[in-house]
Amino acid sequence: MLLLGCIKEVSDYELAISLPNGLSGFVPVTQISDAYGKLLTKQVAQGELLEELNSLPDMFSPGTLVRCIVTSIEKTDDGRRSVKLSIDPKKVNKGLNSTALAAGMLLSGSVMSVEDHGYLIDIGVTGTHAFLPHQKAKTYIKALKKGPDLKIGQNLNCLIVEVKNEGRVVCLSIDRSEVAASIATERQNWTLSNLLPGLVVKARVQKLAPLGMKMTFLSYFTGIVDFMHMDPEKSMSYSPDQVVKACVLSVHPTSRAVRLTLRPPFLHAGGAPRQLPEQRMGAVLEEATVKAFYKRFGAIFELDDGSLAFARLKHLSKTRKSFKPGAFKEGCKHKCRIIDYSLMDEMCIISLKHQIIEARFLQYQDIHTGDVVQGKVLSLKPIGMQVKVADGIRGLVPSLHLSDVILKQPEKKYNIGDEVKCRVLECNPGGKKLILTLKRSLVQSKLPVLSNYEDAKPGLITHGFVVCAREFGCIVKFYNDVKGLVPKNELGSEPISCPDKIFYEGQVLKVMVLKCEPQQERLLLSFRLSSKPGPEDKWKCTPKEKQEVKYQIGEIVDVKIFKKKDNGLEVSILGDEDNVVAWIPTLHLSDFVATSKLLWHCLQEGDVLPRVMYLSDKGEHIILSRKSAVISAVQEEQVVRSFSEIQPGMLLTGYVRNVMPFGVFVEFPFGVTGLAPKVSMSDKFVTDTKDHFVVGQTVIAKVMSIDDEKQRVLLNLKVSECSSGDSAAESFVLLNQYFKELKEIRDLLRRGEPSICELVPGKRVHLVVQDVREDGSALFSGSSATSWTVTATRYHLGDKNIAPGEKRKALVLHVDALTCEVYVSLREELVKQRP
């Protein structure tokens, strides 16, 4: 069945559609168009973000009229019927063929591709190529305010301007004035098999009836207008043979019944029905006047603002037995509540049921974080419990929140249909997401609800729940995903050496706010409720805060190594009277990942590192970097300080922050990040992203594109694309820096074992054979490497037969200071080469 619908809500995965007569349906993301479906399939197969694939909210807006076709009607778990729709032109326009196309026709289309001079449009007609010139789309794009271009998969109301080659080529327009002026005529040769909803026609009244009227249009078509779709201002003034404008609402495929609407917003193609003001939804009205009663359908009422509303028969009384028809004579007044709004009927849907009028919650927007609600258990699943809060409102209680303690077998405590008292942890009306908790300590808590960082004032005491306990302390969560840190020294009045043995995930505890930085969403907490937060506290005078005032990103300082840790160096900034402690991650010791690890191995506490750059203040410490290329980029102002400065084509120096299966995330100085998708990572074919990049690697990236709305940057890491022109000079600079750092490492090694510094690749040494292994390789010892392992592989022994205790002359091939291994060769052609 073909229907005209109006988009009610848009999510990432479906469109909720308002249909005529108060019905509703949904269009899954897979039923938009062929071209959009192929992009979805490609993204899923490649596991990476496609730039040309836009989300449904980027392309569709509530209030837009669309032609739909019913694909299936399914029953939901609670017995309701769910109408599944499609707006794919191939399904909606399946009754059309190329020979039936004529100038002036109005039909649905979907953007298939973007070309130099316009767009190729999918109108669902086999053998026909439809083209939309840029000129015919300008005003529509400007009015839509969703970017400078139409997007692949975007649904359009298309007017055929010209038909060429017997329908094989058609030229389209979506200009709003041209579309609005279009009227379907006999010359366009419409038939019952291809008649489309949304067509505006001139119709003649044939017969009037109590529930509507019968009309003829396009010479021999017959259509029905029901009572909900007459013009409210003219409903009593229609007469036989009167000619009026009408819009096709639906076409039934088997009965061929055509329904029409005479409501004004639909009488111009591409129009938009009136919306209900947001504050009216859920409103309780003391008096609504009965205008008409239809014993098989319901009643029409006039509301306090003069608008009309419809109440279905089942909403006129609590039960069928209690229903009294005499109470719904014209002029009778009743108390009611607005429970929905039908965009296609431009009419409020109301209920007279007492339990609905008195209901606390009618829609997700009525629920607020921290509210205590009563619900009914619908199902128990591994992720948690589904709870019905009200008709059409469902929430999830995650497994962690089923009780104050973790339940291994929740089915023993809860049964389907049980009434439960919950508290709202998180509510997102737009995404219809409701997260609840059944933890009694939270449900019964009388302490303030902490649902945003701005309310976290020092001294506030509230309840929170532990989500993580580690050696550094506990992470505690509150409402709306607000979370903070309880450091180790604030876990209790006595020192706690192993927090993970004292605290457990899901544990509800009272906490006190010590400090909050709302902009950074950082929260410092304490389990010691007697702590007195104030200016004199240590946390108020952290070295980091002093540093923020004294140093700027890009500033060069000298540092002294204070402490070596597994993943970096704790350092103090020289010449600073406050002895500020900062952090150099291991991967920021050098542009070269292998060199970074080697430097960390060689450096000792007390060593001084000159020319280190202030990079950022993320995390617990100030972050410093010793990456030469990054420092040069900042000093030469070849950087962007914010997202607004980024332009396509820029070459920027940064470092790999994360390697994912679909691409590489690159971070630049001043905190800007971007993504290099898998296809833009390398000039070679990429099978596994981890084979090409490692975290911490310094890279030069080219900006491909930017998305202002999503604050997203797409990058190119192909070597062929990321050279500034003089690639030889760039290579020599990198090599020079590499050898300079190797020399620095040799100088550092000389402190521990001076002899190892003599072992450089190419040097000839005298060694004694220690052992010959089963695989044919040999181990050696010598005066130059007493504590190092010296090895020659079977290949590098040549054709010599050696035995333990023999003296041999060898050539050094490679020195690995990290593993304390030296690789040598005994092959004549190498050992006898002149230096």
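This is a predicted model: local features need pLDDT of at least 70, side-chain atom pairs count only at pLDDT 80 or more; totals for chains, interfaces and linings use all residues.

Trainee: How many aromatic pairs turn up in a search of the whole structure?

Mentor: The search finds 8 aromatic pairs. Take Tyr 220 and Phe 221: their ring centres are 4.9 Å apart and the planes meet at 20°, so that pair is stacked.

Trainee: And what about Phe 293 and Phe 328, what are the distance and angle there?

Mentor: Phe 293 and Phe 328 are stacked too, with 6.1 Å centre to centre and 20° between the planes. This pair links distant parts of the chain, 35 residues apart. Phe 293 belongs to strand β16 (residues 284-294), while Phe 328 is in the loop between β18 (308-312) and β19 (333-342).

Trainee: Is Phe 328 buried or exposed?

Mentor: Phe 328 is buried, at a relative accessible area of 5%.

Trainee: Where is Asp 481, and what is its phi?

Mentor: Asp 481 is in the loop between β27 (473-477) and β28 (483-487). Its phi is positive as well, about 65°, and Asp 481 is not a glycine. With a relative accessible area of 37%, Asp 481 is partly exposed.

Trainee: Switching to charges. Which ring does Lys 564 lie over?

Mentor: Lys 564 lies over the face of Trp 600, 4.3 Å from the ring centre. There's also Arg 827, whose charged end sits over the ring of Tyr 795, at 4.1 Å from the centre.

Trainee: I also flagged Arg 263. What does its side chain reach?

Mentor: The side chain of Arg 263 reaches the backbone oxygen of Met 228 at 2.8 Å. Arg 263 is in the loop between β15 (258-261) and β16, and it is buried, with a relative accessible area of 3%.

Trainee: What lies 2.6 Å from a polar atom of the Thr 462 side chain?

Mentor: The backbone oxygen of Pro 448. Thr 462 is in strand β26 (residues 461-470) and counts as buried, at 1% relative accessibility.

Trainee: Let's zoom out. Which strands make up the closed barrel?

Mentor: The closed barrel has 5 strands, running β6-β7-β8-β10-β9 with mixed pairing. The twist from one strand to the next averages 50°.

Trainee: How do β7 and β8 pair?

Mentor: Strand β7 (residues 118-122) and strand β8 (residues 129-133) are antiparallel over 4 bridges. Leu 120 stands opposite Phe 131 in β8.

Trainee: Last one, on domains. How far apart are the C-alpha centres of domain 2 and domain 3?

Mentor: They lie 32 Å apart. The domain assignment gives domain 2 as 278-358 and domain 3 as 364-444, and domain 1 comes in two segments, 1-154 and 164-182.

Conventions. Residues are numbered from 1 along each chain as its sequence is written. Side-chain values use heavy atoms; hydrogens and water are left out. Two strands pair if DSSP finds at least two bridges between them. Helices (H or I, at least four residues) and strands (E, at least two) are DSSP runs, numbered from the N terminus. Axes are lines fitted to C-alpha atoms, for helices over the stretch in contact, and angles run from 0 to 180 degrees between N-to-C directions. Domain bounds come from an automatic or database domain assignment. Rings of Phe, Tyr and Trp (its six-membered ring) pair if their centres lie within 6.5 Å; planes under 30 degrees apart count as stacked, over 60 as edge-to-face and the rest as tilted. Buried means under 20% relative accessible area, exposed over 50%, partly exposed in between (1.4 Å probe, protein chains only). A charge sits over a ring if NZ of Lys or CZ of Arg is within 6 Å of the ring centre and within 35 degrees of the ring normal. A polar contact is a pair of N or O atoms within 3.5 Å; within protein, one must be able to donate a hydrogen and the other to accept it, and residues adjacent in sequence count only if both atoms are side-chain atoms.
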